[in-house]
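Take a look at the fold below.

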Amino acid sequence: MTMESTQALPLSLCIRIFPPNPINNKPQFAKLTASAKSPSIHFQRRKKHYSKIPSKSHGRIPKPFDEKDAFPSSLPLHSKNPYAVYKDIQRFAKQNKLKEALAILDYMEQEGIPVNATTFNALIAACVRTKSLVEGKQVHAHIRINGLENNEFLRTKLVHMYTSCGSIEDADKVFDESSSTSVYPWNALLRGGVIAGKKQYRDVLFNYLKMRELGVELNVYTFSCVIKSFAGATALNQGLKTHALLIKNGFVDYSILRTSLIDMYFKCGKIKLARRVFEETEERDIVVWGAMISGFAHNRLQMEALDYVRWMISEGIYPNSVVLTIILPVIGDVSAPKLGREVHAYVLKSKRYSEQAFIQSGLVDMYCKCGDMNSGRRVFYETKGRNEILWTALMSGYVSNGRLEQALRSIAWMQQEGFRPDVVTVATVIPVCTQLKALKQGKEIHAYALKNWFLPNVSITTSLMIMYSKCSVLQYSLKLFKGMEVRNVISWTAMIDSCIKNGQLHDALGVFRSMQLSKHRPDSVAMARMLSVCSQLKALKLGKEIHAQLLKKDLESIPFVAAENIKMYGMCGFVESAKLVFDAVPVKGSVTWTAIIEAYGYNDLNKEALGLFNKMRYGGFTPNHFTFRVLLSICNQGGFPEEACRIFTIMSRKYKIEASEEHYSIIIELLTRFDRIEEAQRFRKLSSPLS
């Protein structure tokens, strides 16, 4: 604080801060500053005064003030003027040392020395960076003590701080205390809703509409926050209305808003509208191009994403680190190793990118997805600054290439290098234990997750449940499930699936009933699982109930759901009902055709089932290996060796489907039963490489 700033303060407050000298009736500011020459003498003189400061808690007298208690790494307060003290507090705030900064604030409050808004702004910024809600509330209390609670600038910063720390209620409280129509506190409130995600979409929409109702002058930042919220909630109608308002108010030409609109349209699945906004943009920077490439990748339009990368380069704009992290997974998805090597060369040429670990991990992932493990491993071992992300990318690469043992060993190698597996690493390796049925290693990873407080994490807990059920330790799955504080549809479905795979069908029914009573409603996957249970238990009544729910939720046309529904009716002996479900499916595929053929086979309508196969073929539908397994089983059941041989020939010659061990065993059994020993021996010789 300078001498000029004291002129604006009330006389009583100035006297309290700088009591007049009884000799010349001048403030002691000069004396306070001059005392810096001999701080130790002045400190001894003031020590008695510090010990007399009354305590604000329970009326107790605190221990004598000691400079090391409040100022562990700065000069004593008494040797500085207030402006220098503000600089000390701001320095601590920049270093995120909130404890030290708050200690100085406490002392200044005891001494009655005011703090300016700039200092409080630095402290609030530190609270935002560190997500320190408790310290933020203390700073807010000091702002009130200093009479700055009505400062519009600080009020806006406080709203932003509370929303950033996840305390929407406190942000609303601070905001409601304001009577100003300034746009800035409103923007801070909107931004908090955006940070909170889809759950706060309605609050963002309400505040946005309220702003317009009150006549608050909206700016570019307002629209940017609102459009981001609409994108996160896929609120297309509101997005279209806001786009129209942007055009009406002349905001549509701002690059940041065009980028937000492109992102919103992509997330709402409106590819043509996103393209139109892009085409109407005259000056396209790397951010706009990145939004288009990211949008195509998000909508699984990989070739379009790569085409736009080429177009961008032809316009003289080269990929930055953000675009590189977007296109590397896309290259892996389309398995384009040649293009991947070109991107790798560009990364090596741009040295600043070759040193970034997340780009290196993207390269490892890309090569592994393209099936080039050698190049992926080479990138990994040539990276100097390896971290947990890079190790996880390598593990994921081993998994995608079927090298599960190496993926499992990598978690040990990673720790030998001094890196601790994080949540993503653990989530990557648990499914490996599931596939290998590696119960011992799975238990070790479970213990590691518990020790490092990764649980309760819904994703990891669900993966552990699946792992234990696959290893036939259903009681562990049940224990994990019962101990979950928060469940989602996936965890409920995983528990149902675990019971089914372990033959506990009635337990699966119990879990399903509990799920229906919870706030989570079964999705298409859970419904399909339960239809499978109804098929095995011949529980027609429950099957009909589930069918009714499917009709209500408009899920009956999903191929795998319709297939399970058809099989349920077939196994319960209601072929006509199965046929009605089949006929109601608008777009039929191999899954639904196989299901109706199987339903006829269950009811000994073997010739009719084989007739359906011919209809399927002539209708242009391609059978899969499951279809042929069902057909061969029907031939075996009905005693049709000639038909079985014909179907086997069609499978191997026309559809180029390699026969499995199960296919061979069915036809060998059928031919042997009808004393066609030579043909059975021929099929046995053909199947010998599989054994």
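In which hand of crossing, left-handed or right-handed, does α38 pass α39? The crossing is left-handed. Keep in mind that this model is predicted.

**The pair α38 and α39**

Two packed helices are described by the angle between their axes and the distance between the axes. Helix α38 covers residues 606-618, and helix α39 covers residues 625-638. Their axes lie 9 Å apart, at an angle of about 150°. Angles over 145 degrees count as roughly antiparallel. Therefore α38 and α39 are roughly antiparallel to each other. From α38, the contact takes in Asn-606, Ala-609, Leu-610, Phe-613 and Met-616. On the side of α39, Thr-627, Phe-628, Leu-631, Ile-634, Cys-635, Gln-637 and Gly-638 take part. By class, this contact of α38 with α39 holds 8 nonpolar residues, 4 polar and no charged.

**Two further pairs**

Now turn to α6 and α7. Their axes come within 8 Å and cross at roughly 150°. The two helices are therefore roughly antiparallel. Here too, α6 passes α7 in a left-handed crossing. Which residues of α6 meet α7? They are Val-85, Tyr-86, Ile-89 and Phe-92. Their partners in α7 are Glu-100, Ala-101, Ile-104, Leu-105 and Met-108. The contact of α6 with α7 has 8 nonpolar residues, no polar and 1 charged.

Next come α21 and α23. These helices pack at about 160°, with axes 11 Å apart. That makes α21 and α23 roughly antiparallel, too. The crossing of α21 and α23 is left-handed. Gly-340, Arg-341, His-344 and Val-347 represent α21 in the contact.

| Helix pair | Residues | Angle | Axes |
|---|---|---|---|
| α6 and α7 | 82-94 and 98-111 | roughly 150° | within 8 Å |
| α21 and α23 | 337-349 and 357-369 | about 160° | 11 Å apart |
| α38 and α39 | 606-618 and 625-638 | about 150° | 9 Å apart |

**A cavity**

How many cavities of 30 Å³ or more does the structure hold? It holds 1. About 40 Å³ of space lies in the largest cavity. Its lining has 11 residues. His-140, Glu-149, Arg-155, Leu-158 and Val-174 lie nearest the centre. Two helices, α9 (133-145) and α10 (152-164), each supply at least two residues of this lining. By class, the lining of the largest cavity has 5 nonpolar, 2 polar and 4 charged residues.

Most residues other than glycine have a negative phi, and most peptide bonds are trans. Two places here go the other way. What is the form of the peptide bond from Leu-455 to Pro-456? That bond is cis, with omega near 5°. Pro-456 sits in the loop between α28 (439-451) and α29 (458-470).

Where does Lys-437 lie? Look in the loop between α27 (423-436) and α28.

Conventions: Residues are numbered from 1 along each chain as its sequence is written. This is a predicted model: local features need pLDDT of at least 70, side-chain atom pairs count only at pLDDT 80 or more; totals for chains, interfaces and linings use all residues. Side-chain values use heavy atoms; hydrogens and water are left out. Axes are lines fitted to C-alpha atoms, for helices over the stretch in contact, and angles run from 0 to 180 degrees between N-to-C directions. Helices (H or I, at least four residues) and strands (E, at least two) are DSSP runs, numbered from the N terminus. Angles under 35 degrees count as roughly parallel, over 145 as roughly antiparallel, 65 to 115 as roughly perpendicular and the rest as oblique. A crossing is left-handed if the near helix is turned anticlockwise from the far one by less than a right angle, and right-handed if clockwise. Contact means heavy atoms within 4.5 Å. Ala, Val, Leu, Ile, Met, Phe, Trp, Tyr, Cys and Pro count as nonpolar, Asp, Glu, Lys and Arg as charged, and the others, Gly among them, as polar. On a 1 Å grid over the protein atoms alone, a cavity is a set of points where a 1.4 Å probe fits but cannot get out, and a pocket is an open set with protein on both sides within 12 Å along at least five of seven lines; lining residues have an atom within 4 Å of a point. Grid points are joined across faces, edges and corners, and a volume is the space filled by probe spheres set on the points.
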